[in-house]
Each structure stands twice: as C-alpha cells, then as structure tokens.
Amino acid sequence: MTQDEVLAEFREAGALLEGHFILSSGLRSPVFLQKMLVFQDPVRTARLCAALAEKITAQFGQVDLIVSPAMGGIIPGYETARALGCNAVFVERDNGVFQLRRNFEIPAGARVVMVEDLVTTGLSSRECIAAIRDYPGQLLGAACLIDRSNGSADIGVPLVALCTLDIPSYPADALPPELAAIPPVKPGSRGLAA
C-alpha cells in the first residue's frame with residue numbers, strides 16, 4: 001500500500017481534518033487525523049493493518065506478539081496481529097504508568113513488536129516500550145499506521161510506518177499567522193500531556 005493509498009483511506013473515512021487543532025501533546029497543528037473514523041470500518045481497518053503487517057514482516061521477520069498502548073493502539077494492534085497470525089495484548093495506565101494488566105503476559109523469548117495508531121512526539125510509544133521492557137520477551141521494534149513526525153520522533157527502537165508525513169506542529173505561543181487566525185479545537189479523546 002502506498003502512502004497516497006493510506007491517505008486516501010483516511011480521506012474517504014472523513015478522518016483527515018484541516019483547521020487549527022490542539023494535540024494531546026499541547027502542540028498545535030493545521031492537520032488532525034481522526035483515526036477512530038477509520039477504525040469504525042472493519043474492512044478499511046483490516047486493509048490498512050494487513051499492509052502494516054507486511055511491512056512489519058519485511059523489517060522484523062516472524063512476530064509472536066503485538067503489544068499496543070490503550071486506548072488508540074488497541075484496534076490497530078489487534079488487526080495487525082490478526083494479519084500476522086499472532087496474539088495481541090495491550091498496556092493501560094495504572095496510576096499514570098503503562099502496565100500489562102488483565103493477566104496479560106509477555107513470555108520469555110517471544111518476538112514482540114509494539115503497534116501504535118499514530119506517532120507524533122513518540123511519548124506514548126516510549127511509555128509503552130518501557131512497559132514491554134519489564135518482561136523477558138525480545139522487543140524487535142515498533143510500528144504505526146502513520147508517523148506524523150516524518151521520522152523525527154525518537155522512540156528508542158526501530159519504527160516501521162505505513163505512512164510517513166511531515167505535518168507541522170507548533171507551541172501555542174509560536175503559531176504562524178494563518179493558524180493563529182483560526183479558533184483552536186481539541187478533537188482527540190486524550191487530555192493534554194502534563
């Protein structure tokens with residue numbers, strides 16, 4: 001699947017929004033990817049995640065387990081694991097820290113890839129990876145549907161992205177005039193990062 005085909009999936013789902021958006025990092029951006037509009041369509045989601053699974057296999061070889069951060073990573077993690085023919089688990093916050101719960105385990109020797117929906121600053125990816133490293137599995141790397149940092153987010157492991165974009169983001173006090181002229185909207189579900 002090409003980058004243009006990935007973006008077409010987001011556009012067709014009405015998930016590629018333009019305006020003035022407040023990201024969960026607190027940064028501002030003229031583009032917001034409302035991935036849940038993509039994930040509401042199982043056929044579209046399966047198509048995207050099958051393509052991501054192909055890239056994961058090409059980069060890392062056999063994978064035994066996908067680990068994703070809750071909430072946004074659960075659906076793409078599950079669908080990517082299905083395409084890979086392996087299990088999927090997720091980490092969730094307990095007292096603000098990602099942890100495996102629900103009797104999930106990462107067995108010794110398991111070949112693990114962390115799958116995320118989108119990467120912007122890489123914060124949730126780094127936090128998820130830190131939780132994975134508490135277990136004896138072999139962390140191969142990470143993957144996401146869209147890397148909106150254009151490869152600049154350092155998550156501490158190799159990152160495979162189905163689509164890499166250069167979407168600008170700005171601190172609230174350093175907006176370009178055209179963005180400052182538009183009232184900001186906070187469309188995501190996650191609160192602002194502390």
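This is a predicted model: local features need pLDDT of at least 70, side-chain atom pairs count only at pLDDT 80 or more; totals for chains, interfaces and linings use all residues.
**The whole chain**

The chain holds six helices and eight strands. Read from the N terminus, the order is α-β-β-α-α-β-α-β-β-β-α-β-β-α. The radius of gyration is 16 Å, and a compact globule of 194 residues would come out near 16 Å, so the two agree.

| Property of the chain | Value |
|---|---|
| Span of the C-alpha trace along the principal axes | about 55 × 35 × 25 Å |
| Residues that count as buried | 44% of 194 residues |
| Accessible surface | about 9400 Å² |
| Part of that surface from carbon and sulfur atoms | 51% |

**Helix α4**

Helix α4 covers residues 74-84. Its buried residues are Pro76, Gly77, Glu79, Thr80 and Ala81. What covers them? Helices α2 (35-39) and α3 (42-60) are part of the cover. Strands β3, β4 (87-94), β6 (111-119) and β7 (138-147) are also included.

**A nonpolar patch**

Met71 sits in the loop between β3 (65-69) and α4. Why does Met71 count as exposed? Its relative accessibility is 59%, and exposed means over 50%. Met71 also belongs to a nonpolar surface patch with Met36 and Ile75. Together the three residues have about 270 Å² of accessible area.

Conventions. Residues are numbered from 1 along each chain as its sequence is written. Side-chain values use heavy atoms; hydrogens and water are left out. Patches are made of residues with over 30% relative accessible area and no salt bridge: like charges are joined within 9 Å, nonpolar side chains (Val, Leu, Ile, Met, Phe, Trp, Tyr) within 5 Å. Accessible areas come from the Shrake-Rupley method with a 1.4 Å probe; for residues, only the protein chains shown count as cover. A salt bridge is a side-chain nitrogen of Lys or Arg within 4 Å of a carboxyl oxygen of Asp or Glu. Helices (H or I, at least four residues) and strands (E, at least two) are DSSP runs, numbered from the N terminus. Buried means under 20% relative accessible area, exposed over 50%, partly exposed in between (1.4 Å probe, protein chains only). Contact means heavy atoms within 4.5 Å. The radius of gyration is taken over C-alpha atoms; the globule rule is 2.2 Å times the number of residues to the power 0.38.
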